[in-house]
Amino acid sequence: MTLIDRLPAPDDRIVILTGAGISKESGLDTFRDADGIWARVRLEDVATPEAFAADPDRVQAFYNDRRRMLREADIRPNAAHEALARLEAAWPGEVVVVTQNIDDLHERAGTRALIHMHGELLKARCMACDAINVHIDDLGARTPCPACTATGALRPHVVWFGEMPLEMERIGDLLGDCGLFVAIGTSGTVYPAAGFVQEARFHGRARTVEINLEPSEGHTLFHDCHHGPAGTLVPRLVGDLLAHANRSD
Ligand code: BV8
C-alpha cells in the first residue's frame with residue numbers, strides 16, 4: 001500500500017514543506033513538543049524584532065546556543081533528509097524543498113533546490129549594509145560586518161515573528177503549479193507556512209500529503225495523512241514515488 005492514493009505524473013513538480021519535526025531524529029529540538037524550545041523560553045523574548053531591540057545580547061545568546069549545538073559532531077542529517085535528496089536526484093520532474101527550519105541539514109544531505117523561508121542559523125545579516133554572509137561562530141555586539149566593517153550591526157539571518165518570510169512570491173508560484181505537496185514534521189501552527197496546503201490544493205492542483213508524528217493543526221486539509229517518525233515514513237514515501245517513476249519509464 002503506497003502512502004499516496006493518487007501518484008503524480010513523473011514529470012510533475014513536487015513541493016515539500018519541512019518543519020522542525022524532520023530534524024528531531026537528528027537531535028535538534030522542535031518548538032512545540034513538550035520538550036520543545038518554546039517550553040523553555042518565550043518566543044516573544046527571543047524571536048521578535050522587539051525582543052532584539054530590547055535585549056540584543058539575550059537574543060544573540062539564544063541563537064549562539066543553537067548555532068553551537070547545530071555544529072556539534074553528532075548532529076547530522078537523518079534518513080528523512082537523505083531520502084528527500086535522493087528524490088530530488090532521481091525524480092524526473094522538479095523537486096523543491098521549502099523549509100521552515102534554519103538548520104543546514106537539508107544541504108548537508110544533498111538537497112539543492114531548497115528555500116529557507118525563515119532564514120538560516122549559519123548566516124548573519126548586517127543592519128547597516130544589508131550584506132548576508134555565512135557566520136558559524138558566536139555573534140555579538142562587537143562582531144564586525146565582513147562587508148562594511150560596522151560593529152553592533154549584525155543579527156542572525158533569521159525571520160522573526162512579525163517579519164515577512166523569504167521568497168514568498170517564488171513559493172506561491174511553486175504551490176500554484178505542482179502535482180504533489182508534502183508537509184513533513186510541522187505542527188501547522190505558524191503562518192504563512194501553515195496555509196501552503198490550502199494554496200497547493202485549492203488554488204493549485206496538488207495532491208496533498210501530511211507526514212507528521214501526530215495530526216497537525218491543519219491535518220484535515222490534506223488528502224492523505226500518515227503519522228509516525230519522519231525517519232521511517234519519508235524513505236517509504238520516496239520509495240513509492242521512485243518506484244512509480246521507474247514503472248512509468
Ligand atoms: C508574518 C525562525 C506578516 C526563528 C520562525 C502577530 C503579529 C505578527 C504576526 C502574527 C501575529 N499573530 C500571528 C501572526 C503570524 C505569525 C504566526 O503564525 N504566529 C503563530 C504563533 C500564530 N507569523 C509570523 O509572524 C510570520 N510573519 O506573518 O509576517 C507580515 C506581513 C507583511 C509584512 C511583514 C510581515 C513569520 C513566522 C516566522 C517566525 N520564525 N522561525 C527561529 O527558528 O528561531 S517560526 C517557528 O515556528 C520555527 O522556526 C518553525 O519554523 C516554525 C514552525 O514550527 P514547526 O516547524 O512546525 O515546529 P513545531 O515544533 O511547531 O512542530 C513540530 C512538529 O513535528 C510537531 O507537530 C511534532 O509532532 C512533529 N514531530 C516531532 N518529532 C517528529 C515529528 N514529525 C515527524 N517525525 C518526528 N520524529
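A nonpolar core is a set of buried Ala, Val, Leu, Ile, Met, Phe, Trp, Tyr and Cys residues joined through side-chain atoms within 4.5 Å. Buried means under 20% relative accessible area (1.4 Å probe, protein chains only).

This is a predicted model, in which local features need pLDDT of at least 70 and side-chain atom pairs pLDDT 80 or more, while totals for chains, interfaces and linings use all residues. Residues are numbered from 1 along each chain as its sequence is written, and side-chain values use heavy atoms, without hydrogens and water.

**Exercise 1.** Find the residues with the most contacts inside the largest nonpolar core.

*Solution.* Start with the core itself, which has 26 residues. Contact means heavy atoms within 4.5 Å, and the residues with the most contacts inside this core are Ile16, Leu87, Ile184 and Val234. Next, look at α9 (helices are DSSP runs of H or I, at least four residues): α9 gives eight residues, the largest share of this core. Finally, pick out Ile184, whose partners include Ile16, Leu84, Ile211 and Val234.

**Exercise 2.** Work out which residues come nearest to the ligand.

*Solution.* Begin with the 34 residues around the ligand, counted if a heavy atom lies within 4 Å. Phe31, Arg32, Arg66, Thr186 and Ser187 come nearest.

**Exercise 3.** Locate backbone atoms that lie close to ligand oxygen atoms, as polar contacts (N or O pairs within 3.5 Å).

*Solution.* Take Gln100 to begin with: a backbone N or O atom lies 3.0 Å from a ligand oxygen. For Gly185 the distance is 3.4 Å, and for a polar backbone atom of Tyr191 it is 2.7 Å.

Terms used
Buried means under 20% relative accessible area, exposed over 50%, partly exposed in between (1.4 Å probe, protein chains only). Helices (H or I, at least four residues) and strands (E, at least two) are DSSP runs, numbered from the N terminus. A polar contact is a pair of N or O atoms within 3.5 Å; within protein, one must be able to donate a hydrogen and the other to accept it, and residues adjacent in sequence count only if both atoms are side-chain atoms. Lists of a residue's contacts leave out its neighbours within four places in sequence.
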